[in-house]
Every structure is written in structure tokens, then in C-alpha cells.
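Hi,

Here is the structure I promised to send over. Have a look at it first, and then read on for what turned up.

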Amino acid sequence: ISKASGGRLQVVVDKFQTQSRRTPGMVPMENVYGILAGQDAALAKTAIVISGHFDSIPSNPMDTQSDAPGADDDASGVSVSLECARLLAGGSYRATLVFAAVSGEEQGLLGGKRLLEYLQQNGYTVGAMLDNDIVGADFSPGAPHRVRLFSGGGPDGVDSPSRDLSRAIEEIDGQSAIRLIFRHDRLGRGGDHQPFVDAGLPAVRFTEPLEDYHHEHQTPRAENGVEFGDQIKYLNFNFLGDVAQDNAEALRELALAPAAPENVTLSGAVTPDAKVSWTAPEDPDRAGFEILWRETTDPRWSVFDFSKNPGEFILKGVSTDNRFFAVRSVGKNGSRSIPVAAQLRRRR
């Protein structure tokens with residue numbers, strides 16, 4: 001893929017040492033990144049990241065001898081990252097795209113933690129992180145189905161950078177392709193987006209519609225006529241291809257978008273009008289900003305109005321109490337940033 005891009009896609013093998021409760025002391029590991037540098041000087045250090053993990057485990061996580069094929073968990077996610085690199089590496093984008101394949105997820109999200117550390121050490125700000133983990137099959141009756149997209153809420157259980165990233169991805173790909181799940185992850189489980197979420201960054205997880213636990217974390221075997229093991233024959237490549245396309249389109253749009261607005265605040269309590277304020281750096285390729293709103297019970301934003309410049313926007317006759325508000329940047333190319341939810345402006 002790097003050769004096909006004329007060398008623009010830089011391939012990095014990131015070697016590191018780490019340990020967890022599932023490793024016998026410090027062990028050598030490595031992640032692999034394809035980095036496509038952004039062409040906009042102001043956004044080149046903003047990283048739009050996709051990742052899958054290439055390690056797997058058998059039934060006993062401490063068993064170092066048994067086979068553990070890991071076709072769905074998570075060679076499927078690695079293949080999505082690679083396919084997105086193939087689809088996008090020939091293009092030119094404002095932000096930097098990072099296509100990652102990481103190790104050590106099953107040993108405590110070790111590769112995901114290192115990926116974030118690598119980006120921070122190299123001066124990147126993470127604009128979005130898309131974790132693809134178990135995205136290769138569609139076992140639900142009546143398939144095909146939508147891929148699930150998990151995102152956690154903020155301190156109020158409603159808004160967070162991750163939640164607004166998930167809404168942006170659904171808007172890009174369509175409700176027929178994406179099923180929003182307003183949970184951080186499957187109950188009692190986790191993935192490589194977790195270190196990014198813990199750092200307050202927008203990160204989400206793609207997962208297939210219905211997992212078959214006979215084919216996850218299982219040593220290959222047959223018991224009472226039931227076959228166990230995460231093998232390639234159980235994958236659905238039409239579904240996997242759709243997931244790759246959904247990811248690629250989201251990555252493309254986000255990497256072409258202007259920077260998200262900053263310092264988005266809400267004021268106007270105990271007055272007839274809501275007031276939304278924000279700042280943004282100069283950007284000749286930005287068309288302006290969309291002011292978004294939604295009922296407190298609605299899951300999705302809708303556009304209230306448009307403003308060409310940052311500053312304060314007054315929503316005449318709109319109560320601050322009955323809705324949530326947000327702002328997003330709109331490029332002259334039509335690409336939109338992730339929405340930034342308005343926070344209550346504190347009195348000094």
C-alpha cells in the first residue's frame with residue numbers, strides 16, 4: 001500500500017516492552033502503523049486513527065501452547081484497518097490518517113495504550129479514534145444487519161466527545177449502516193478505544209451485531225457436537241467489506257473537515273433567549289459553523305441555523321432548559337467536524 005501511494009504512506013514498526021497481570025514480567029511487543037501525513041499545516045498534527053488488534057488467546061488466557069486462530073477477534077479489525085489504508089492512501093487530506101494494527105489487547109489493552117503514547121510523544125492531537133474489534137461476522141437471524149457502534153456518555157450520562165463522534169459517523173454512513181449503542185462497550189468488557197476515552201478523547205468501538213461466544217477466546221475443539229474456535233470459515237466477508245467501507249468513508253470525511261470549534265458555551269438562563277458562543281482559529285477553507293440543537297430526549301442533533309463566523313449566536317425565543325446545543329465546523333468542501341456540545345458558561 002505504501003508503494004502504491006508513492007511512499008506517502010509511512011510504515012512504522014513501533015517496538016516496546018510492557019507487562020500486565022497476564023504476562024510473565026516484561027515482554028517485547030510491537031505495533032504497526034501506516035501514517036498518511038495531512039497536507040494542511042494547521043491540521044497535520046491532528047490524527048484521525050483507526051485500529052484493530054492482531055493478538056488472540058485460547059480458552060485459558062495463560063495458555064501459551066494451544067492454538068488461538070483469532071479470525072474474528074480480531075484479524076477482522078486488522079483487515080478493516082488495512083483495507084481503509086488501501087482505499088484512502090492515494091488521497092490528500094487536511095488531517096493525518098493513522099492506520100494501526102496493535103498487539104497485546106487481550107493482555108490488558110497494551111497495544112492501545114502504546115498507540116496513544118506514541119501519538120502523544122510525536123506531538124499529535126487525536127481528533128478521532130475508531131476501534132474495530134470483532135467485526136467479521138453477522139450471526140443474527142435475518143442478516144444482513146447494521147454494525148454496532150459503541151460510545152459512552154459524559155459525566156451527565158448524555159454528551160461526550162465519543163458520543164458526538166458516534167453521531168457524526170452515523171450521519172456520514174447513514175442509519176441503515178450504523179446502529180448506535182449508547183454504552184461505552186459491551187457489558188463487562190473493553191477494547192483499545194478505552195485508553196483514548198480515559199484521556200478525554202473521542203473514541204468509539206465497532207462490533208458485529210451479535211457475537212457467537214463459541215468462536216471467541218476458545219481453543220479449537222468439538223464438544224457434544226458443538227464446534228469451538230475463532231476460525232476464518234465463520235466470517236462473513238460481505239458484512240466485513242461493508243464495515244470497512246463504513247470506516248473508510250467516516251475517516252475520509254473527518255480527515256477533510258475543518259478543526260472543531262473550541263470553548264463552546266451556553267448562556268441565557270432565566271432569559272427568553274439561549275446564547276451559544278464559541279471560538280475557532282482562522283481557516284480559509286472553512287465555510288462557517290452549524291448551530292445544532294436537540295430535545296433532551298432525542299438521540300441525534302439537527303441543524304438550527306448557520307453562522308459564517310465564530311462568536312455569539314442568539315437563539316431567539318429558545319429556552320436554555322428544554323434542549324441541548326452544540327456547534328460544528330463546516331468546510332467549503334462540505335465536510336463537517338465532530339459536534340462540540342455547549343457547556344454552561346460559569347459566572348465569575
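Helix 1 and helix 5 cross in a right-handed sense. This is a predicted model, by the way. Helix 1 covers residues 71-88 and helix 5 covers residues 237-256; their axes come within 9 Å and cross at roughly 50°.

If you want to find the contact on screen, helix 1 brings Ser-76, Ser-79, Val-80, Glu-83, Cys-84, Leu-87 and Leu-88, while helix 5 brings Leu-240, Val-243, Ala-244, Asn-247, Ala-248, Leu-251 and Arg-252. Sorted by class, that makes nine nonpolar, three polar and two charged residues.

Asp-74 sits within helix 1.

Leu-109 isn't a glycine, yet its phi is positive, near 60°. You'll find Leu-109 in the loop between strand 4 (96-102) and helix 2 (110-121). Is Leu-109 buried or exposed? Its relative accessibility is 15%, so Leu-109 counts as buried, the cut-off being under 20%.

His-217 is also a non-glycine residue with a positive phi, about 55°. Its loop runs between strand 8 (203-207) and strand 9 (221-223). With 29% relative accessibility, His-217 counts as partly exposed.

Cheers

Note on methods: Residues are numbered from 1 along each chain as its sequence is written. This is a predicted model: local features need pLDDT of at least 70, side-chain atom pairs count only at pLDDT 80 or more; totals for chains, interfaces and linings use all residues. Side-chain values use heavy atoms; hydrogens and water are left out. Helices (H or I, at least four residues) and strands (E, at least two) are DSSP runs, numbered from the N terminus. Buried means under 20% relative accessible area, exposed over 50%, partly exposed in between (1.4 Å probe, protein chains only). Axes are lines fitted to C-alpha atoms, for helices over the stretch in contact, and angles run from 0 to 180 degrees between N-to-C directions. A crossing is left-handed if the near helix is turned anticlockwise from the far one by less than a right angle, and right-handed if clockwise. Contact means heavy atoms within 4.5 Å. Ala, Val, Leu, Ile, Met, Phe, Trp, Tyr, Cys and Pro count as nonpolar, Asp, Glu, Lys and Arg as charged, and the others, Gly among them, as polar.
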